[in-house]
Amino acid sequence: MSSGQHSKEERPSWVPEGAGSEFTTTVKGGVSEKSGVFVKKRRRLPLPPPDELAKQVLSGDRAALSRAITLIESNSPAHRPAAREILNYLTPHSGKARRVGISGVPGAGKSTFIEALGNYLCDAGHRVAVLAVDPSSSISGGSILGDKTRMETLCRRENCFIRPSPSGGALGGVTRKTRETILTCEAAGYDILLIETVGVGQSEIAVRSMVDCFLLLQIAGAGDELQGMKKGIFEIADIIVVNKADGDNLMRAEATRAEFERVVRYLSPSTEGWTPPVLTASAIERKGIEEFWSAVLRYFEHVEKTGLLVERRAMQALEWWKALVEQELLQRFLERADVARKADELADKVRNGTLAPSLAAEELLELIQAP
Ligand SMILES: Nc1nc2c(ncn2[C@@H]2O[C@H](COP(=O)(O)OP(=O)(O)OP(=O)(O)O)[C@@H](O)[C@H]2O)c(=O)[nH]1
Ligand SMILES: [Mg+2]
């Protein structure tokens, strides 16, 4: 330092305060004084105005995309206006990606499969965004941790963007955020969206309602009950893959595949005129990935040709809109002080059997008329 004195920021801890040029060492940005290893100095830039941030997202800036999603995911009412403005700006640029949902029981290999598929698609020149819907992860944090290790090579790819589950509570909230994140990623130029969800009921149905193509990842011999052999889950699948078809498991996986193939013939298909193909794969050995993707492409050919894709997306948008209105109406109503008070009072009566639930409902709903 020419002035001979260290500024506060540049003074290493072992240099006495106010020391002069006899101590020639200074700390430069980017070097961690403690560990001696290079660390990126992270200076949080102030958030640009929404339209500016939206423009940066459109230009494909990944850091801007992350910040926009964080804003959209925020539960703070203070962030809502900016988030809304960004979405308004970006929505006309969305809708061009292929949206693929990937579901399966915990441990079926979804993240490993996405790692293999994502790399395959990036190699083919696609831009891939990976999102997760898992309401449980906000409690356990488990799946975020898992995804980071399972998608080790994928997360380093230039043309891939991975976003773990949004934190924050109930499935409804998580899916709202995921839908908006889908639009944001599409505006940023990602042409393939892979949305992982753990196969436990509700979240699968939610993901089905936001994707074009739904993959059910199965494993051999996990038991019918566990894998949801109950028709329901098979009936929302467009493609079924029996994973872990490797090593000693190869024969069993093939037997399971054949069995599932028989089963799907008797079920009503998720997509009109399309019988879900049943395939095998080994995510870990990266086998069956190409075959899976050709099935996805055949599927898209079918839904594009028949107009089912446009129809389904229109339905999904409409249902989403309805759900949002219902949710918001309910929230605004129940938040009113007079309604909350009355609701407590009526709930007591319903609980102890002095008032019929239907009458109590009617009584509460009368308050809708009130200002
Ligand atoms: N043999 C074999 N093991 C696999 C394969 N795919 C995944 N696994 C293993 O199965 C375990 C679970 O894999 P994940 O990819 O985390 O599974 P997941 O379905 O994402 O799990 P959750 O996110 O916890 O629901 C890991 O130990 C993987 O290494 C495969 O094709 N063959
Ligand atoms: Mg996973």
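On helix 3 (residues 80-90), the face turned away from the buried side carries the exposed residues Pro81 and Asn88. The model is predicted: local features need pLDDT of at least 70 and side-chain atom pairs pLDDT 80 or more, while totals for chains, interfaces and linings use all residues. Residues are numbered from 1 along each chain as its sequence is written, with chains lettered from A and ligands numbered from 1 in the order in which they are written.

**Exercise 1.** Determine which residues of helix 3 are buried, and how they are arranged around the axis.

*Solution.* Step 1: a residue is buried with 20 or more other C-beta atoms (placed from the backbone) within 10 Å of its own, exposed with 12 or fewer, and partly exposed in between. Step 2: in helix 3, Ala83, Ile86 and Leu90 are buried. Step 3: viewed down the axis of helix 3, these buried residues fall within an arc of 65 degrees, so they line one face of the helix; the arc is taken over directions from the helix axis to the C-beta atoms. Step 4: Pro81 and Asn88, both exposed, are on the face turned away from that buried side.

**Exercise 2.** State the order in which the seven strands form the open sheet, and identify the edge strands.

*Solution.* Step 1: helices (H or I, at least four residues) and strands (E, at least two) are DSSP runs numbered from the N terminus, and two strands pair if DSSP finds at least two bridges between them. Step 2: the order in the open sheet is 3-2-4-1-5-6-7, with parallel pairing. Step 3: strand 3 and strand 7 (278-280) are the edge strands, each pairing on one side only.

**Exercise 3.** Describe the burial of strand 2 (residues 128-133) and find the strands with which strand 2 pairs.

*Solution.* Step 1: six of the six residues of strand 2 are buried, so the strand is largely enclosed by the rest of the structure. Step 2: side chains in a regular strand alternate between the two faces of the sheet. Step 3: on one side of strand 2 are Val128, Val130 and Ala132, on the other Ala129, Leu131 and Val133, and all are buried. Step 4: strand 2 pairs with strand 3 (residues 160-163) in the parallel sense over four bridges, where Val128 stands opposite Cys160. Step 5: strand 2 is also joined to strand 4 (residues 192-198) by six bridges, again parallel; there Ile195 is the bridge partner of Leu131.

**Exercise 4.** Carry out the corresponding analysis for strand 5 (residues 213-219).

*Solution.* Step 1: strand 5 is mostly covered, with seven of its seven residues buried. Step 2: Cys213, Leu215, Leu217 and Ile219 lie on one side of strand 5, and Phe214, Leu216 and Gln218 on the other; both faces are covered. Step 3: strand 1 (residues 98-104) runs parallel to strand 5 and is joined to it by four bridges. Step 4: in this pairing Val100 has Cys213 as its bridge partner, and Ile102 stands opposite Leu215. Step 5: strand 5 also pairs with strand 6 (residues 239-243), in the parallel sense over five bridges, and here Leu215 stands opposite Ile239.

**Exercise 5.** Identify the residues that come nearest to ligand 1, and the helices that each supply at least two residues of its shell.

*Solution.* Step 1: a residue counts as near a molecule or strand if its C-beta atom, placed from the backbone, lies within 6 Å of it. Step 2: of the 18 residues around ligand 1, those that come nearest are Gly109, Lys110, Ser111, Thr112 and Ile284. Step 3: helix 4 (110-123) and helix 6 (142-150) each contribute at least two residues to the shell around ligand 1.
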